[in-house]
Amino acid sequence: QVQLVESGGGLVQPGGSLRLSCVTSGIIFSRNTMGWYRQAPGEQRELVASITSGGLANYVDSVKGRFTISRNNAKNTVYLQMNSLKPEDTAVYYCKVPGWTNWGQGTQVTVSS
């Protein structure tokens, strides 16, 4: 059974930083591309960043230079380091294997002064 458990969200002021973690189980983590998605209120869920099994990362333009995705295959965990946060980054963040239907519960990120 695939399980995805996100953590690390919270309330942060604009310009601040957060580090999200996603611990996975039930998948061969090291062989899969992993993605971080987010969904803001009233918006569709979007792919923010992805990282291949070989460590190649891609980002949506709105977070390039501010967010960094990484992975630790020994811990079956994917991370999202978020710096220079903006109010428009406010959303529920999820990790997932792109193309799969399994979602975790997500972690709320709120950027506000």
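Me: What radius of gyration would a compact globule with 113 residues have, and what does the protein have?
Reply: The radius of gyration is taken over C-alpha atoms, and the globule rule is 2.2 Å times the number of residues to the power 0.38. With 113 residues, that rule puts a compact globule near 13 Å. The protein agrees, because its own value is 13 Å.

Me: What kind of model is this, and how are residues numbered?
Reply: This is a predicted model, where local features need pLDDT of at least 70, side-chain atom pairs count only at pLDDT 80 or more, and totals for chains, interfaces and linings use all residues. Side-chain values use heavy atoms, leaving out hydrogens and water, and residues are numbered along each chain as its sequence is written, from 1.

Me: How many helices and strands are there in the protein?
Reply: Helices (H or I, at least four residues) and strands (E, at least two) are DSSP runs, numbered from the N terminus. Read along the sequence, the pattern is β-β-β-β-β-β-β-β-β-β. The count is zero helices and ten strands.

Me: What share of the contacts with a separation of 6 or more joins residues 24 or more positions apart?
Reply: Contact means heavy atoms within 4.5 Å. Take the contacts in the protein with a separation of 6 or more. Residues 24 or more positions apart account for 52%.

Me: Is S50 buried or exposed?
Reply: Buried means under 20% relative accessible area, exposed over 50%, and partly exposed in between (1.4 Å probe, protein chains only). S50 is found in strand β5, residues 46-51. Its relative accessible area is 14%, so S50 is buried.

Me: Which residues is S50 in contact with, leaving aside neighbours within four places in sequence?
Reply: Buried residues make up 40% of the 113 residues in the protein, and S50 is buried. Set aside its neighbours within four places in sequence. The contacts of S50 are then T33, M34, G35, L56, A57, N58 and I69.

Me: What is the phi of N76?
Reply: N76 is found in the loop between β7 (67-72) and β8 (77-82). With a relative accessible area of 29%, N76 is partly exposed. N76 is not a glycine, yet its phi is positive, at about 50°.

Me: Where is S84 found?
Reply: S84 has a positive phi near 50°, although the residue is other than glycine. Its relative accessible area is 39%, so S84 is partly exposed. Its place is in the loop between β8 and β9 (91-96).
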